[in-house]
2 protein chains.
Amino acid sequence: MARAAAPTVLQLVQSNSLPALVQIEIEQLILGGELAVGQRINESELASRFRTSRGPIREALRALEESRLVRSEKNRGVFVREISVTEADEIYDVREALDQLIGQRVAERATPEQIRELKAVLAEMDRATAKQDIKCYHALNLKFHDMLVEFAGNARLAESYRLLTKGLLLFRLRGLQDGGGFAVSNTEHKAVVDALAARDSTRAGRLLRQHAIESRARMHRAAAVADTI
Amino acid sequence: MARAAAPTVLQLVQSNSLPALVQIEIEQLILGGELAVGQRINESELASRFRTSRGPIREALRALEESRLVRSEKNRGVFVREISVTEADEIYDVREALDQLIGQRVAERATPEQIRELKAVLAEMDRATAKQDIKCYHALNLKFHDMLVEFAGNARLAESYRLLTKGLLLFRLRGLQDGGGFAVSNTEHKAVVDALAARDSTRAGRLLRQHAIESRARMHRAAAVADTI
DNA sequence: TAAGTGAAGATTGTCGACAGTAATCAATAA
DNA sequence: TTATTGATTACTGTCGACAATCTTCACTTA
């Protein structure tokens, strides 16, 4: 496993503090949809849920606010952030630039083993497509892009990229993602991996950027459809 | 003044909560060098300094940790983050990509008034250069790039860019920035603004990226010199 | 002298409590 | 019936206190 090893629960508890743990937990709640977009977050409720006082909860919420997953109104509480199409557009604008960089770097630095891992995920995605398992495809899609940014070998890049795409997830939770055409999406993935395997950094960068552009277009189409409903 | 209006103190106190205010204050302490890089931050000390309890301080520190300005060790405290040359390199890698995007967008979107503002700052920088006022030049340099990212008209881009460059400031605080050649730097600035005025987005993007690349090279030269001392 | 040990002090982690503010809802008046 | 007012309730903002942990440093011992 060439990727950064996932930390064990033990390591997590020992190194990270309670607020950090809570932060991860709340993030899962948001990204998992249990806390709906726009919803107010009740501190006391979370506190009793996690068997802590409100202190650690508040600390976690501050961190989540800094990462723009929640917004906070004074004396009113913190709310799960809602992303408008306009803001999603802004994010995509940045993402396109970063994806190009990611494609270039992965083409330059990825090990043969990592390329194989990417291909394996691609194959899984094909199977999910065949079964029309959208949920599975979506999870694999996230994994694929996460692996890419990891293989780019730049921690700061990965951090920026993940922060950005987390915002996009808030939007996707409304069910607008991928615009239905996910078989198309995987064709684009394959072209990218081909360029990576060929160590063609320019082409890989261009293709991954193009993939982001197409994703944005799919997002727009889905949003347009959703608005007509 | 076409830029985003600076919020008044009143607005700040009314809208933002105490932790948010404290966060800004601590950030100033760090970026101003009062809290040295690598130094441990004493919660009680800050609390008495700002006449609050430790709660708000801790919340602010969590937010600063999320923005990577401090790091936190369990049961040991939080420390002002130190940036290695390797990490500065990583940041520059991302910054180059973002700068290209910024150049393109500003060329497309900036108002004539904004272009004039940029030129005015450039003139100020020339005067600072003539007086060999490095500190003033440095401040204006930051302002120039901050205006650029603002004029790009993409809040998320601005956010990502500022987060990134804040990290670079931690490095710069060690006196390694600019590598001495700041007259050269302003020549590059002028070329960028020329492209912006000509509405040549491709050239503006290329030049601003190139400027970031040169900045990185200057950083490396300065670091090399610092290491021989 | 150097290494190890123990206590004392300082600092962080967490909690429960109280004050202040916003939201809710019933009662009243137009 | 609708709008307004006032009281009630719920929640956030902040604080001080205590427990747990780390650091420091004097002291002992080989």
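Which strands of chain B does helix α4 (residues 54-66) of chain B lie across, and at about what angle does the helix run to β2(B)? In this predicted model, helix α4 of chain B lies across β1, β2 and β3 of chain B and runs at about 115° to β2(B), where axes are lines fitted to C-alpha atoms, for helices over the stretch in contact, and angles run from 0 to 180 degrees between N-to-C directions; contact means heavy atoms within 4.5 Å.

Those strands of chain B form an open antiparallel sheet in the order β1-β3-β2, with β1 (40-41) and β2 (70-73) at the edges, each pairing on one side only. Helices (H or I, at least four residues) and strands (E, at least two) are DSSP runs, numbered from the N terminus, and two strands pair if DSSP finds at least two bridges between them. Two bridges join β1(B) to β3 (residues 77-80) of chain B, and B:Ile41 stands opposite B:Val78 in β3(B).

Around DNA strand D there are 19 residues, of which A:Arg54, A:Arg58, B:Leu18, B:Ser53 and B:Arg76 come nearest; a residue is near a strand if one of its heavy atoms lies within 4 Å of it. Sugar and phosphate account for 75% of the DNA strand D atoms within 4 Å of the protein. Polar contacts (pairs of N or O atoms within 3.5 Å) include these:

| Protein atom | Atom of DNA strand D | Distance |
|---|---|---|
| A:Arg54, side-chain N or O | base nitrogen | 2.8 Å |
| A:Asn75, backbone N or O | phosphate oxygen | 3.3 Å |
| B:Arg76, polar side-chain atom | phosphate oxygen | 2.6 Å |

Local features need pLDDT of at least 70, and side-chain atom pairs count only at pLDDT 80 or more, whereas totals for chains, interfaces and linings use all residues. Residues are numbered from 1 along each chain as its sequence is written, chains are lettered from A and ligands numbered from 1 in the order in which they are written, and side-chain values use heavy atoms, with hydrogens and water left out.

Note on methods
Polar contact = N/O pair within 3.5 Å; in protein donor to acceptor, adjacent residues only side chain to side chain.
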